[in-house]
Amino acid sequence: QLLLLKRGGEEIYFGPLGRHSYKLISYFEVRRFPVGIQIQIQNGVQGVSKIKDKYNPATWMLEVTSMSNEEAIGVNFAEIYKNSDLYRTNKAMIRKFSVPDPNSEELHFPTKYSRSLWTQCKACLWKQACSYWKNPPYTAVKLLFTTFIAVMCGTLFWNLGSKRDNKQDIFNAMGSMYAALIFLGVQNASSAQPVVAIERTVFYRERAAGLYSAMPYAFGQVAIEIPYVFVQTMVYSVIVYSMIGFEWTAAKFLWYLFFMYFTLLYFTLYGMMTVAVSPNPNMANIIATFFYSLWNLFSGFVVPLSRIPVWWKWFYYVCPFAWTLDGLIASQFGDIGTRLVTGETVADFIHAYFDFKYDHLWYVALIVVGFTVLFGFTFAYSIKAFNFQKR
C-alpha cells in the first residue's frame, strides 16, 4: 500500500502497488487498447507520459506527479483522486472499519510505560553510566582540574592550618577553604551545564518515544554524579588536608570530607538545575553566574554575619555557601582552645566574629544536605514540567 501526498499534504494516491507497481502505474498512466476498429482509453490521467521499459516506477511516479508536471499538463492530481473510484472505495472501507464489532473491547494498557518505574530507573542509570564513561573531556578533565587546584592551594597555603597564633593565621586557613570552594564549585556547575543540555535533547526524543518518564531520567542523571563527585572530593581533600596541615583526627578529617563532598555535589546539581529551567546553556550560565556573585557576597567570609545589615541577613540564611563555610570552619576551629595573642581562644574568636559554633555541626550538616536534595528535586521537577523543544 502506498500513500502519496503532494505539497501541502493533499492525497494524490492511496492504494495498492501491485507486482512491479503495476496497479500504481495503471492508475496514472492512460492505457490504450484496440476494441474492434476503435481505440478504447481506460483509466489514467490525460497528459501523463507512459513509463519507459525497465524504468524505475518510483522515479517515474515522482516525475509525473511533480508540481511542475502538474502545471504543464493542466491537472490537479488531488482533485482527480477525490473523484476516483479508488477514493470512494477507501472511504467506504474507512466507514466500515470505524464501527467497532459489538463483541470487541476497548484497547487498554494497564500502565503508560512498558516497564516498571524501578526498571526505568535502572535502565537510565546504566545509560548515564555508559555516557559518562565515554565522555573523558568531562570526567577526566574535571578530575585533572581538581588535582591541579588541590596542589595549587596546598602549596599556596602550605602548613597554614596548624598556625594559630593570631587572627590573621585563622583568616589565612579559612581563605584556603573559601578559595577552593569558589574554584571547584563554580567549575563543577559550569562543566555540568553543557553535558546536561545535550542529555536533555536525547531525553526529549526518548520520552516522546515512550521509553521512560522524567523521574527515572532525573534519577539517572543525578545518581551518576554521586560517585564521580566522591572521587573528586577524595582526591582534593587528601592532597589539601595534608599540605595545609589541618589537625589529623578522624572526626575533623571526616567532617572536612563530608562538607566538601556535599558542597561540590550541590554545586553540580545547581548547574544541572539551571539548565533544566532554561531554554539553552547560555541562559543557564547567566542565571548561575548571577547567584554565584550573591553567594560569594553573603557567604559570611567577605562580610561576616554580624556586619551584614539587618534587612539583608535573611539572604545569609538561604545562601548554601554560607552554611558550607560554617560547617568547614566550625569543624576545624570551633573546638580549639588555643589562645590567640589577643587572649581569647580560637573557638571564642570563631563564635564572636563569624557566629560559627562547634555544637551546631549536625544542624549545619543537615542544612547542607538539604540544599543538595533541594537542587536535585528542583532539577527533576523542572525536567518534567518544562519543555524547551524547538520542534
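This is a predicted model: local features need pLDDT of at least 70, side-chain atom pairs count only at pLDDT 80 or more; totals for chains, interfaces and linings use all residues.
Two residues are said to be in contact when heavy atoms of one lie within 4.5 Å of heavy atoms of the other. Leaving out residues up to four places away in sequence, glutamine 193 touches Gly271, Thr274, Val275, Ala284, Asn285 and Ala288. Glutamine 193 sits in helix α8, which covers residues 167-208. Is this residue buried or exposed? Its relative accessible area is 2%, and buried means under 20%, so glutamine 193 counts as buried. Methionine 61 is 132 residues from glutamine 193 along the chain, and the C-alpha atoms of the two are separated by 49 Å.

Helix α11 comes next. It runs over residues 250-276, and its 27 residues should span 39 Å at 1.5 Å a residue; the end C-alpha atoms are 38 Å apart, so the two values agree. Of these 27 residues, 23 are buried, which leaves α11 mostly covered.

The largest nonpolar core holds 88 residues, and those touching the most other members are Tyr236, Trp295, Phe333, Ile350 and Phe379. Helix α11 gives the most to this core, with 18 residues. Apart from this core lies another one of 17 residues, including Leu4, Ile12, Leu24 and Leu86. Beyond its neighbours within four places in sequence, tyrosine 236 has contacts that include Thr146, Ile149, Cys153, Leu184, Tyr256 and Met260.

Finally, an unreviewed UniProt entry annotates residues 337-389 as "domain: CDR ABC transporter". In the model, this stretch is 64% helix and 0% strand, with its end C-alpha atoms 59 Å apart.

Methods: Residues are numbered from 1 along each chain as its sequence is written. Side-chain values use heavy atoms; hydrogens and water are left out. Helices (H or I, at least four residues) and strands (E, at least two) are DSSP runs, numbered from the N terminus. The expected span of a helix is 1.5 Å times one less than its number of residues. Buried means under 20% relative accessible area, exposed over 50%, partly exposed in between (1.4 Å probe, protein chains only). A nonpolar core is a set of buried Ala, Val, Leu, Ile, Met, Phe, Trp, Tyr and Cys residues joined through side-chain atoms within 4.5 Å. UniProt positions are given in the numbering used here, feature names are shortened, and annotations may be inferred rather than shown by experiment.
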